[in-house]
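Colleague: I would like to learn how to read a sheet and the core beside it.
Modeller: Here is the model to work from.

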Amino acid sequence: MLRSALPLILATVAATAAQADIQGFATGLSRDGGDTQLWNAAAPAAGFQGEYYTTPDNCTYRRTQAPGYPAQWYLVQNPHHIGRPTAHRGCRGTL
């Protein structure tokens, strides 16, 4: 009985995992595909030198850069100290 039900169980688990969100962020694997646009956040221009960058959809990022490496941008969850709104579900963790 269990052997005959195993393929059905595995198919159900795989279908559920493909539609799930990871850490509340869209994976791009949802049924309607509409969530994939959340990953298309605009990165700052190459010459941008500010410490903070806010995308058009109000996600704020802070610049980090180790000597000899390119700049990286990490999401600021609660940027109220610089007068920006709290990060929302559609914000990427990094740019």
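This is a predicted model: local features need pLDDT of at least 70, side-chain atom pairs count only at pLDDT 80 or more; totals for chains, interfaces and linings use all residues.

Modeller: Residues are numbered from 1 along each chain as its sequence is written, and side-chain values use heavy atoms, with hydrogens and water left out.

Colleague: In what order do the three strands form the open sheet?
Modeller: Strands are DSSP runs of E, at least two residues, numbered from the N terminus; two of them pair if DSSP finds at least two bridges between them. Here the order is S1-S2-S3, with antiparallel pairing. S1 (52-54) and S3 are at the edges with a single partner strand each, so one side of each has no neighbour in the sheet.

Colleague: How many bridges join S1 and S2?
Modeller: Three; Tyr52 has Arg62 in S2 as its bridge partner. S2 (residues 60-64) and S3 are joined by four bridges, and Arg63 lies opposite Trp73 in S3.

Colleague: Which residues of S3 are on the covered face?
Modeller: In S3 (residues 72-75), Trp73 and Leu75 are on that face, while Gln72 and Tyr74 are on the uncovered one.

Colleague: Which residues make up the largest nonpolar core?
Modeller: In soluble globular proteins, nonpolar side chains tend to be buried together. A nonpolar core is a set of buried (under 20% relative accessible area, 1.4 Å probe, protein chains only) Ala, Val, Leu, Ile, Met, Phe, Trp, Tyr and Cys residues joined through side-chain atoms within 4.5 Å. The largest one has seven residues: Tyr53, Cys59, Tyr61, Trp73, Leu75, Ala87 and Cys91.

Methods:
Buried means under 20% relative accessible area, exposed over 50%, partly exposed in between (1.4 Å probe, protein chains only).
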